[in-house]
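Work through the two exercises below with the model open beside you. Each task is followed by a solution in steps.

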Amino acid sequence: MIPAAFDYTRAASVEDAVTVLAGAGDDGKVLAGGQSLLPMLRLRLAAPTMVVDLGGVAELRGVRDDGDALVIGAMTTHDDVTKHPLVREHAPLIAQAAETVGDRQVRHMGTFGGSLAHADPAGDLPGVALALDAVMSVAGPDGMRDVPAGDFFVDYFTTALGASDVLVSVRVPKLTGWSTHYEKFHQMAQSWSVVGVAAAVRRSNGSIAEARVALTNMGVTPIRARGVEEALTGAPATADTVAAAAARAMEGASPLTDGTASAEYRTQLAPVLTRRAVMAAGGL
Amino acid sequence: MTRISMTVDGVRYDDDVEPRTLLVQHLRDRLGKVGTVVGCDTSNCGACTVLLSGKSVKSCSILAVQADSADVTTIEGLAGDGGELHPVQAAFHEQHGLQCGYCTPGMIMAAVDLLTENAEPTDAEIREGLEGNLCRCTGYQNIVRAVRAAAESMRTSVPSTPETAEAGAREGVTT
């Protein structure tokens with residue numbers, strides 16, 4: 001299986017990539033690590049006429065401390081994200097989830113920004129970005145703009161990125177005093193999530209002061225489980241209250257049926273995995 | 001066509017390739033590195049695993065142009081100049097870490113990568129480290145044993161390392 005022919009540009013900079021993409025109209029495609037794009041090209045599910053490779057743009061790689069937030073370059077590989085001391089200290093939820101993506105080989109090539117821009121409903125990192133209130137920094141023909149995670153994932157495999165836009169970096173607020181957990185349910189070691197739950201909890205004096213919960217693969221985009229968050233906020237940090245809150249996981253969810261699982265199965269899984277995720281995050 | 005230059009198993013190659021050329025196609029069809037095999041062709045099985053700048057990758061899911069300027073090590077580049085096997089190769093041989101052998105090049109490259117990062121993996125870590133590689137003979141028991149034995153032998157002796165960039169003086173231009 002060989003991809004359809006395309007023209008190829010190795011971008012020298014973000015500006016260069018935006019310019020080339022603008023010239024390609026709707027037929028351009030950004031190549032990050034290629035771990036989602038290459039299979040799609042090979043199966044001819046995608047056939048762009050221009051592929052713009054960001055692999056040579058050094059400024060897109062790496063993680064830096066920006067005071068109350070981390071800034072993760074879009075082209076930072078899952079492997080580098082997982083091992084980065086700043087990520088492990090200030091955003092361990094990202095490290096934990098990134099470590100479950102694909103397998104070692106995929107994590108060596110696949111990138112944090114690539115996963116977000118691909119917006120696979122079964123991808124783990126979009127839900128994590130949503131739970132952490134991450135903000136995407138996007139370069140486009142009209143310059144730079146910020147897009148909050150809540151506005152970034154708009155539909156099935158569809159983000160707020162326009163045809164000429166490039167995701168540059170992701171700003172992740174540090175959660176000081178919070179604890180987190182990513183609960184992933186999948187059928188085989190290297191397979192996608194059937195359902196995943198990203199949970200962040202801040203405990204105070206035996207209660208849950210704040211909670212954030214996002215669900216993977218419970219709709220065409222990742223979704224925040226607002227009902228669960230509402231039920232947890234201010235509640236005593238006990239197994240019973242967590243179970244009662246997790247029962248609201250389906251509020252706002254509309255899971256799909258696909259080759260991996262039925263919507264009914266996912267409906268059963270979501271509250272169970274939400275309870276596990278919040279229990280683990282809350283140290284219960 | 002796009003001009004690329006890469007070092008493969010210690011030899012530098014400069015070639016013009018179609019951008020859609022997969023790395024595994026380039027290695028096998030252009031450079032004759034047929035030790036690297038195509039298994040599932042869908043990035044699941046890991047049979048095509050090579051090292052790209054020292055890290056394991058699936059060469060069926062990378063474009064050759066993405067490996068421009070990189071140092072690639074295939075299964076053919078592991079053995080020493082005199083033909084002495086790399087400790088991981090030797091361990092797969094001695095521990096019977098293969099049945100039909102089709103997954104073996106990828107298994108060995110993935111194991112080399114794993115042991116570079118973790119010189120003393122537990123069995124669980126070996127299994128997890130090889131999650132991207134499938135053996136349809138289901139010969140996993142002996143594969144894990146082979147990786148464990150390789151780790152032991154690499155810890156107790158001076159490892160024979162694959163030739164890398166310094167051998168780039170021997171240029172091979174195939175266009």
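Domain bounds, as used here, come from an automatic or database domain assignment. The model is a predicted one.

**Exercise 1.** State which domains are assigned in chain B, and describe the side of domain 1 of chain B that touches domain 2 of chain B.

Solution. 
- Step 1: To the contact, domain 1 of chain B contributes 15 residues and domain 2 of chain B contributes twelve residues.
- Step 2: On the domain 1 side, strand E3 (49-52) and strand E4 (55-58) of chain B are the elements that give two or more residues. E3(B) gives the most, with three residues.
- Step 3: Sorted by type, the residues on this side of domain 1 of chain B are seven nonpolar, seven polar and one charged.

**Exercise 2.** Find how long helix H3 of chain B is, how many of its residues are buried, and which elements those buried residues pack against.

Solution. 
- Step 1: Helix H3 of chain B covers residues 104-117, which is 14 residues. From first to last C-alpha the helix reaches 20 Å, close to the 20 Å expected at 1.5 Å a residue.
- Step 2: A residue is buried if 20 or more other C-beta atoms lie within 10 Å of its own. Twelve of the 14 residues of H3(B) are buried, among them Met107(B), Asp113(B) and Leu115(B).
- Step 3: In chain B, the buried residues of H3(B) pack against E3, E4, helix H2 (87-94), helix H4 (123-129) and helix H5 (140-156). In chain A, they pack against helix H6 (104-109).

Definitions and conventions
Residues numbered from 1 in each chain as written. Chains lettered and ligands numbered in written order. Predicted model: local features only at pLDDT ≥ 70, side-chain atom pairs only at ≥ 80, totals over all residues. Contact = placed C-beta atoms within 7 Å. Helix = DSSP H or I, 4+ residues; strand = E, 2+ residues; numbered from the N terminus. Nonpolar A, V, L, I, M, F, W, Y, C, P; charged D, E, K, R; others polar. Expected span 1.5 Å × (residues − 1).
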